[in-house]
Amino acid sequence: MNALLFSPVFLGTNILVASAIICLALWYYSRPHPGPGLWTLGILLLMPGQYLTLGGTYSASLLYNVLSYTLQVSGEAVLVIGIFRFLGRPAPWWLVPAACLTALPWLLWQSQVGLPDSEVLIALYAFVSALIRALACWALLRLPGDRRLRSARRFAALNFGLLALCSLVGGFLSLLDDQQDGGPRQGFESMSEMFTYNVGYPLWILCLFGLTLLTLRRFLLAAQSSAARFERLMNITSAAVVIVRNGRIVDGNPMLRQLFGHDRAYFHDLPLAHLFKAEQDLEQQLGRFDGVPLDRLAVRSDGGQFDAELTVAALDDGTHVAEIRDVSGRKSLEKALRRTASRDALTGVMNRGAFNEQAQLVLSQAKRNGRSLCLAILDIDHFKRINDSHGHPIGDLALKAFSAVCERQVRRSDLFARFGGEEFVLLLSDTDAQQAFALLERLRTSWSAHRLDIPGGQLQSTVSIGMVRIDGEAALDAWINLADQALYAAKQAGRDRTQVYSGSAA
Ligand SMILES: Nc1nc2c(ncn2[C@@H]2O[C@H](COP(=O)(O)OP(=O)(O)OP(=O)(O)O)[C@@H](O)[C@H]2O)c(=O)[nH]1
């Protein structure tokens with residue numbers, strides 16, 4: 001028992017347990033990168049193979065010997081396959097059956113001689129493992145891969161090379177052991193085992209250290225690459241990016257200085273909210289709107305303001321990353337687009353779509369407040385004749401002039417729009433029928449008095465107007481229809497007049 005407890009074999013197997021734990025940790029922390037998982041598997045195969053040889057000798061059972069041998073060579077092979085995978089190469093799985101098949105010559109020899117010879121098997125294992133370890137050394141030295149891993153690879157290769165040499169020497173010592181007096185020996189009595197555990201295992205620990213170094217170096221390189229990518233991204237992005245801790249700026253990219261016009265020192269420890277106009281409790285908002293863009297008015301060093309989009313996202317170390325984008329160009333474009341979409345292209349007054357939208361609002365507000373409203377449709381008389389006798393461009397000029405005459409006279413709160421062709425609509429807020437009639441008459445007479453300068457003379461025209469007082473629950477279309485009826489009546493009555501709808505809306 002004492003011999004077992006102090007046996008170097010026991011020490012060796014326990015070193016393998018520790019190695020398996022280390023490789024397991026390497027695998028866990030480097031997932032999903034390949035390599036350490038196979039190293040762990042290799043050691044897990046080596047361990048039972050080694051335990052089977054506990055006590056320094058193989059048993060007389062053939063099955064026991066073969067099982068122990070194949071477990072150990074498979075473990076060595078899987079470990080080397082792990083190195084191939086770590087270096088990003090395809091896994092040479094053929095190595096496992098090839099290593100196991102090396103037991104065949106020994107089995108054949110045993111079948112001839114009869115008695116199993118453990119020292120010869122140990123020697124065979126030593127020679128085969130020397131080959132496998134030499135392959136690991138070659139792979140680490142020669143296989144292409146990330147140049148930045150070169151020094152760590154050389155270190156690991158050196159140790160695997162030395163381990164391969166050690167296996168060779170161990171193998172020869174096993175054969176020497178075999179020449180000596182027969183019979184099972186304890187670990188202390190076997191030269192090969194003494195050599196393996198005194199030289200081989202320290203070298204194995206160095207190999208393990210080499211593999212750990214390689215993995216750590218890969219972590220470091222990955223972190224460095226990610227930091228370099230982040231830095232590059234920060235430098236080329238068109239947005240200001242800041243790191244914020246407790247609502248205060250810790251770091252920012254060059255665009256931050258460019259956007260706000262301050263030097264780098266100004267931003268250090270500055271509350272993020274100071275970059276914006278209304279300094280609401282931004283810190284609270286940061287928590288609530290994680291990753292949601294917020295519209296803010298940002299303030300430059302010269303006091304100038306610009307529309308900014310602020311997006312803040314929490315990082316896992318308790319800090320926030322904030323992206324500040326100058327969106328003033330986009331905002332003014334949006335404004336221009338909105339304006340274009342709601343305006344009539346020829347006259348510049350509101351178009352029918354925008355009128356319908358806004359008129360609905362005015363109607364519902366007036367209903368709530370009990371205010372009076374009037375709606376009128378204005379139609380230039382005999383407009384076809386203008387087109388026919390002076391041409392379409394002059395017709396366009398007349399439409400523009402009519403719009404200008406009307407716009408000059410209506411209030412800002414009134415809605416004036418071109419409905420299409422030579423037809424216009426006017427919604428008068430807070431206006432009773434009398435006031436509306438007076439205004440419409442003023443418009444009508446202004447237009448008939450207007451003289452439009454055209455090539456070869458002046459153009460004069462009249463307008464007919466149909467008006468209705470909005471005094472019920474009917475929808476907008478219904479009021480437009482009634483105003484249209486009044487307009488028709490005005491046209492029928494000889495044009496150039498304002499006709500008030502006299503019937504009931506119902
Ligand atoms: N120049 C120009 N003409 C237009 C435009 N849109 C419609 N028109 C013309 O306006 C004319 C409208 O003619 P009608 O609907 O017969 O009306 P009208 O000649 O004014 O007759 P009444 O309304 O009965 O007085 C048509 O000749 C259309 O081609 C435009 O944008 N520019």
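This note sets out points on a predicted model, taking the annotated spans, the sheet and the ligand site in turn.

1. Basis of the values. In this predicted model, residues are numbered from 1 along each chain as its sequence is written, and local features need pLDDT of at least 70. Side-chain atom pairs count only at pLDDT 80 or more, totals for chains, interfaces and linings use all residues, and side-chain values use heavy atoms, with hydrogens and water left out.

2. Annotated spans. An unreviewed UniProt entry lists "transmembrane region" for residues 6-29, 36-54, 66-84, 91-109, 121-143, 155-175 and 195-216. These positions are given in the numbering used here, with feature names shortened, and such annotations may be inferred rather than shown by experiment.

3. Two of these spans in the model. Residues 66-84 are 100% helix and 0% strand, with end C-alpha atoms 27 Å apart. Residues 155-175 are likewise 100% helix and 0% strand, and their end C-alpha atoms lie 31 Å apart. Helices (H or I, at least four residues) and strands (E, at least two) are DSSP runs, numbered from the N terminus.

4. The sheet. Five strands form an open, antiparallel sheet in the order β2-β1-β5-β4-β3; two strands pair if DSSP finds at least two bridges between them. The edges are β2 (248-252) and β3 (294-299), each with a single partner strand, so one side of each is left without a neighbour in the sheet. From one strand to the next the twist averages 40° (axes are lines fitted to C-alpha atoms, for helices over the stretch in contact, and angles run from 0 to 180 degrees between N-to-C directions).

5. β1 (residues 240-245) and β5 (residues 320-326) pair in the antiparallel sense over five bridges. Ile-243 stands opposite Val-321 in β5.

6. Ligand shell. Around the ligand are 17 residues, of which His-382, Phe-383, Lys-384, Asp-396 and Arg-418 come nearest; a residue is near if one of its heavy atoms lies within 4 Å. The shell divides into four nonpolar, five polar and eight charged residues (Ala, Val, Leu, Ile, Met, Phe, Trp, Tyr, Cys and Pro count as nonpolar, Asp, Glu, Lys and Arg as charged, and the others, Gly among them, as polar).

7. A side-chain N or O atom of Asp-396 lies 2.6 Å from a ligand nitrogen atom, and a backbone N or O atom of His-392 lies 3.1 Å from a ligand nitrogen atom. A polar backbone atom of Ile-380 is 3.2 Å from a ligand oxygen atom. On its own the ligand has 670 Å² of accessible area, and the protein covers 66% of this (Shrake-Rupley method, 1.4 Å probe). Two or more shell residues come from each of β6 (373-380), α15 (383-390) and α16 (392-409); α16 gives the most, with four.

Terms used:
Polar contact = N/O pair within 3.5 Å; in protein donor to acceptor, adjacent residues only side chain to side chain.
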